Structure formats: C-alpha cells, structure tokens
Amino acid sequence: MKRQYALAAAVVAGMATLASIGWLGYRLLERNRLPGGIPPGLISSQQVQPDQTQADAVLRLTLPDLDGRPQALAQWRGKVLVVNYWASWCAPCVEEMPAFSRLQQQYATKGVQFIGIGVDEVENLRKFVRTTPVAYPLLVGDAAGTQAPDLQIKGLPYTLVIDRDGRIAGGRLGRFDEPTLDPILRRLVAQ
C-alpha cells in the first residue's frame with residue numbers, strides 16, 4: 001500500500017512539474033509575440049561590417065511591392081538608403097518598424113529613404129500593413145536569398161545603411177534602435 005501512495009505522489013508531482021513548465025513556456029511565447037514584449041537585454045543585436053558587395057547587390061535588386069509591381073532599388077540611388085530585411089512573425093523586426101517610420105518622416109526631405117524587404121508570404125505582409133501602417137515602401141523578398149546571394153543575410157532583422165554614393169555606411173543584425181540609427185543618419189545627410 002505504501003508503494004502505491006509513493007507512486008501516486010510521484011505521478012502527481014511529475015504532472016505538476018510538467019504543468020508548471022508548460023504554463024511558463026506559454027507565458028514566454030505569448031510575451032514574445034507582442035510588439036515591445038521582449039525585454040531589451042534579451043534582444044540580440046550586433047553591429048556588422050557588411051562589405052561593398054552587399055550594397056552593390058542591394059542596388060541591383062528589383063523586387064515586387066505588395067501589389068506585385070516590380071520596384072528597382074536603383075530608383076533610390078543618390079539617397080541615403082536604410083534597407084531593412086524583416087518578417088511579420090519576427091518580434092524584433094516589428095518592434096523597430098515604428099522608429100523606422102518616424103525616422104523616415106523626419107529625414108524624407110533630407111534625402112533619406114527607408115525600404116523594408118519582407119521575407120515572408122505576401123499575404124502575411126499585406127495583413128501586417130493593414131493593422132500597422134508603415135511610412136516607407138515595403139517590397140517582397142525571397143527567404144532563400146536567391147535574388148541576391150551576395151547579401152549573406154544570416155538572420156532577421158538585418159539592416160544595411162548605404163550612403164548617397166552607394167557605399168556601405170553600416171549595418172546591424174538584430175534590432176536597430178532609434179538612438180543608435182539617428183546619429184548615423186544625421187552624419188550621412190550632413191555630408
């Protein structure tokens with residue numbers, strides 16, 4: 001009889017442990033699903049040193065917009081470009097988009113152009129824009145990177161900053177926050 005009670009107690013304790021782990025996992029997933037839900041210290045973000053072949057590859061791209069019309073990125077040559085690879089399911093991507101929209105509006109008259117390249121299903125991108133307006137053009141990219149193999153995108157979000165002469169001015173793998181990007185843009189528009 002004692003053995004049965006011990007076994008029953010072990011089963012109950014195991015179930016309680018699994019339930020607790022499941023509940024904590026659910027809370028973590030739900031928290032990360034909401035924009036702004038990830039604590040800033042947990043967002044991986046690193047300055048990267050892209051090479052010039054990446055800027056050249058971006059400027060050679062022609063990608064469809066959300067309506068399927070081809071858009072050559074070369075049409076923005078001569079402007080400071082902030083090219084952001086993102087996806088609707090990527091929490092850090094979604095978190096940085098309001099700042100990018102603010103900066104686009106602030107610097108538009110100074111020759112800065114933000115471009116979002118969604119690496120996602122076009123319908124997911126359209127649905128996202130219906131609920132979260134974006135102040136810059138969104139294009140549809142290829143998740144496999146076959147459109148520009150020189151880009152070597154290793155994660156999302158991935159952002160390249162290209163100066164007016166088409167040279168790489170910086171880049172970041174991970175969330176690019178406004179206080180970090182703003183001084184870069186100020187410097188580039190002053191040149």
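**The disulfide and its surroundings**

Guide: Cys 90 is buried, with a relative accessible area of 5%; buried means under 20% relative accessible area, exposed over 50%, and partly exposed in between (1.4 Å probe, protein chains only). This is a predicted model, in which local features need pLDDT of at least 70 and side-chain atom pairs count only at pLDDT 80 or more, while totals for chains, interfaces and linings use all residues. Residues are numbered from 1 along each chain as its sequence is written, and side-chain values use heavy atoms, with hydrogens and water left out.

The partner of Cys 90 is Cys 93, and the two form a disulfide with sulfur atoms 2.3 Å apart; the term covers a pair of cysteine sulfur atoms within 2.5 Å. Cys 93 is also buried, at 0% relative accessibility. The torsion about the S-S bond of Cys 90 and Cys 93 is about 75 degrees, so the disulfide is right-handed. A search of the whole structure finds one disulfide.

For contrast, consider the charged side chains. The count of salt bridges is nine, each being a side-chain nitrogen of Lys or Arg within 4 Å of a carboxyl oxygen of Asp or Glu. Asp 65, Asp 67 and Arg 69 are linked in a network of them. Within it, the closest N and O atoms of Arg 69 and Asp 65 are 3.2 Å apart, and those of Asp 67 and Arg 69 are 3.4 Å apart. Asp 65 is buried at 10% relative accessibility, Arg 69 is partly exposed at 48%, and Asp 67 is exposed at 57%.
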